[in-house]
Amino acid sequence: MSRFAIGVDLGGTNLRVAAINENGGLFDQVNLLTEVEKGREDVVDRLSSGILQLVERWKNVYQLAGIGVGIPGIIRMKEGVLVASPNLPGWENFNIRAQIARRLNSPFYLENDANAAALGEKWIGSGKNCDHLCFLTMGTGIGGGLILNGRIWHGVAGMAAELGHVTIYPDGRPCKCGSQGCLEAYAAASAVVIAAQEFLKAGTASPALREAAASGKPLTSALIHQLARQGDASSIAVFQQVGKALGIAIANFTNIFDIDVFVLGGGAVDAWDAFEKSMFEEVPKRSYVFRNDPRRILKSHLGNQAGIFGAAYLAFQNLAP
Ligand SMILES: [Zn+2]
């Protein structure tokens, strides 16, 4: 009997549960809304019933290898406590593992969503067959996942790979984490908008950007990307900042970890064409290792499904001899 695993990706908006086989074939999926406003108990109820639904549907056809759940936020792995999550307000210090366990009555793996996405990319995505992989998800914020020797690197408490909060500029923009000059403050989708606003405030914005801002349309990273593609100087400069910050970070990660492949995911990767040049210029300048032995920097292959595949793979990986 071939095996399957259940992978869960709990996001701030969407809650997805999938049944995936050992070859990385996703053959069933339940898509739900997180509806975080209904309260955390309600979300955990829905998450658990989504899992049980798929288990019931397939357990007599295939053998259940296990269940993996990816959630956003910092998790204290030993206790299964969600310490903090920007996407799940009111869930601070919530023992999510105990809550899910109570409803499932069977073992499962709990993982940070960016870590799970990193593992998904290592399994069947852009980092396939790579043992040392670094994943950056560029959305409103920047999440990170680190795979070393083929496995997720958790650090001492499970909080490792907060890669969006490494310092790029010591006296740079304030960051939501309380520090300043973080990668997130320069390369997240929100940072793109902030950089454009800085040009506008300083009175140095190019005419097309000024016009866009005056039009009343909300200034988004997608809109600024569109302006950059049309040749708008300020918008081009904004994405050069993004590429430079990413390049500095990737050089640092190369110097520390001797990483094989970097995978960039999240919505802001759509602007790849606008930031890749400055990113690829910056890395070798700052990393002797990279200069002598260039590494791959790739777009995510699995997109927003990376986390769900990685969550399922936790079960297969832990069963492997
Ligand atoms: Zn930060």
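Predicted model: local features only at pLDDT ≥ 70, side-chain atom pairs only at ≥ 80, totals over all residues.
## A pair of residues to begin with

Between strand 2 and strand 3 lies a hairpin with 4 residues between the strands, where Gly24 takes a positive phi near 85°.

Strand 2 also pairs with strand 1 (residues 3-10), again in the antiparallel sense and over 7 bridges. A hairpin of 3 residues makes the link from strand 1 to strand 2, and Asp9 has Arg16 of strand 2 as its bridge partner. Strand 2, which spans residues 14-21, is mostly covered, since 6 of its 8 residues are buried.

Another open sheet is made of 5 strands in the order 11-10-9-12-13, and here the pairing is mixed. Strand 11 (151-152) and strand 13 (296-299) are the edge strands, each of them pairing on one side only. Strand 9, residues 133-138, and strand 10, residues 142-148, pair in the antiparallel sense over 6 bridges, and the bridge partner of Leu133 in strand 10 is Ile147. In general, the strands of a sheet pair through backbone hydrogen bonds, in either a parallel or an antiparallel manner.

## The chain as a whole

Taken together, the secondary structure of the protein chain comes to 11 helices and 13 strands. The radius of gyration of the protein chain is 20 Å, which agrees with the value near 20 Å that a compact globule of 321 residues would have, while the C-alpha trace spans about 65 × 50 × 35 Å along its principal axes. Among contacts in the protein chain with a separation of 6 or more, 63% are between residues 24 or more positions apart.

## Burial, surface and charge

Of the 321 residues, 53% count as buried, and the protein chain exposes about 14300 Å², of which carbon and sulfur atoms supply 51%. The charged side chains comprise 29 positive and 29 negative ones, and the centres of these two sets lie 1 Å apart.

Technical notes. Residues numbered from 1 in each chain as written. Heavy atoms only, no water. Helix = DSSP H or I, 4+ residues; strand = E, 2+ residues; numbered from the N terminus. Rg over C-alpha atoms; globule rule 2.2 N^0.38 Å. Buried < 20%, exposed > 50% of the residue type's maximum accessible area, 1.4 Å probe, protein only. Contact = heavy atoms within 4.5 Å. Areas by Shrake-Rupley, 256 points an atom, 1.4 Å probe, with all protein chains shown as cover. Lys, Arg positive; Asp, Glu negative; His and termini not counted. Charge placed at Lys NZ, Arg CZ, Asp CG, Glu CD. Pairing = 2+ DSSP bridges.
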